[in-house]
Amino acid sequence: MAQATLNVPNISCGHCVSAIESELSEAEGVTSVKADATTKTVTVQWDAPASIEGIRAILSEINYPAES
């Protein structure tokens with residue numbers, strides 16, 4: 001299992017947190033998602049076929065791009 005914590009500056013409220021957690025949780029292989037509006041971070045755990053590139057792509061698609 002892999003894990004990453006990404007900085008996502010666009011997180012500003014509980015709705016943002018819910019949207020991110022909902023979308024990423026639906027991705028095949030993602031086992032855990034925790035978004036935090038206070039720290040503006042998203043911590044994700046996943047197994048194959050999910051990948052960090054795929055997770056970043058989903059965040060970009062839903063208008064919550066992660067910083068590099």
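The following dialogue explains how to read the main features of one predicted protein model.

Biologist: What should I know about the model before reading it, and how are residues numbered?

Modeller: The model is predicted, and local features need pLDDT of at least 70, side-chain atom pairs count only at pLDDT 80 or more, and totals for chains, interfaces and linings use all residues. Residues are numbered from 1 along each chain as its sequence is written, and side-chain values use heavy atoms, with hydrogens and water left out.

Biologist: How many helices and strands does the chain have?

Modeller: Helices (H or I, at least four residues) and strands (E, at least two) are DSSP runs, numbered from the N terminus. Here the chain contains two helices and three strands. Along the sequence they follow the pattern β-α-β-β-α.

Biologist: In what order do the strands form the sheet?

Modeller: In general, strands of a sheet pair through backbone hydrogen bonds, either parallel or antiparallel. Two strands are said to pair if DSSP finds at least two bridges between them. In this chain, three strands form an open sheet in the order β1-β3-β2, with antiparallel pairing. Strands β1 and β2 are the edge strands, each pairing on one side only. From one strand to the next, the twist averages 10°.

Biologist: Which elements pack on the sheet, and at what angles?

Modeller: Contact means heavy atoms within 4.5 Å. Axes are lines fitted to C-alpha atoms, for helices over the stretch in contact, and angles run from 0 to 180 degrees between N-to-C directions. Helix α1 (residues 14-25) packs on the sheet and touches β2 and β3; its direction makes about 170° with that of β2. Helix α2 also packs on the sheet, where it touches β1, β2 and β3, and its direction makes about 35° with that of β1.

Biologist: How many bridges join β3 to each of its partners?

Modeller: Strand β1 (residues 2-7) pairs with strand β3 (residues 41-46) over six bridges, in the antiparallel sense. Within that pairing, L6 has V42 as its bridge partner in β3. Strand β2 (residues 30-36) is likewise joined to β3 by six bridges, and these strands run antiparallel. There, V30 stands opposite W46.

Biologist: Are K40 and N63 buried, partly exposed or exposed?

Modeller: Buried means under 20% relative accessible area, exposed over 50%, and partly exposed in between (1.4 Å probe, protein chains only). K40 counts as partly exposed because its relative accessibility is 32%. N63 counts as exposed because its relative accessibility is 58%.

Biologist: What contact does the side chain of T39 make?

Modeller: A polar contact is a pair of N or O atoms within 3.5 Å; within protein, one must be able to donate a hydrogen and the other to accept it, and residues adjacent in sequence count only if both atoms are side-chain atoms. The side chain of T39 makes such a contact with the side chain of T41, at 2.8 Å. T39 lies in the loop between β2 and β3, and at 47% relative accessibility T39 counts as partly exposed.

Biologist: How does the radius of gyration of the chain agree with that of a compact globule?

Modeller: The radius of gyration is taken over C-alpha atoms, and the globule rule is 2.2 Å times the number of residues to the power 0.38. With 68 residues, a compact globule would have a radius near 11 Å; the chain has 11 Å, which agrees. The C-alpha trace spans about 30 × 20 × 20 Å along its principal axes. Of the 68 residues, 34% count as buried.
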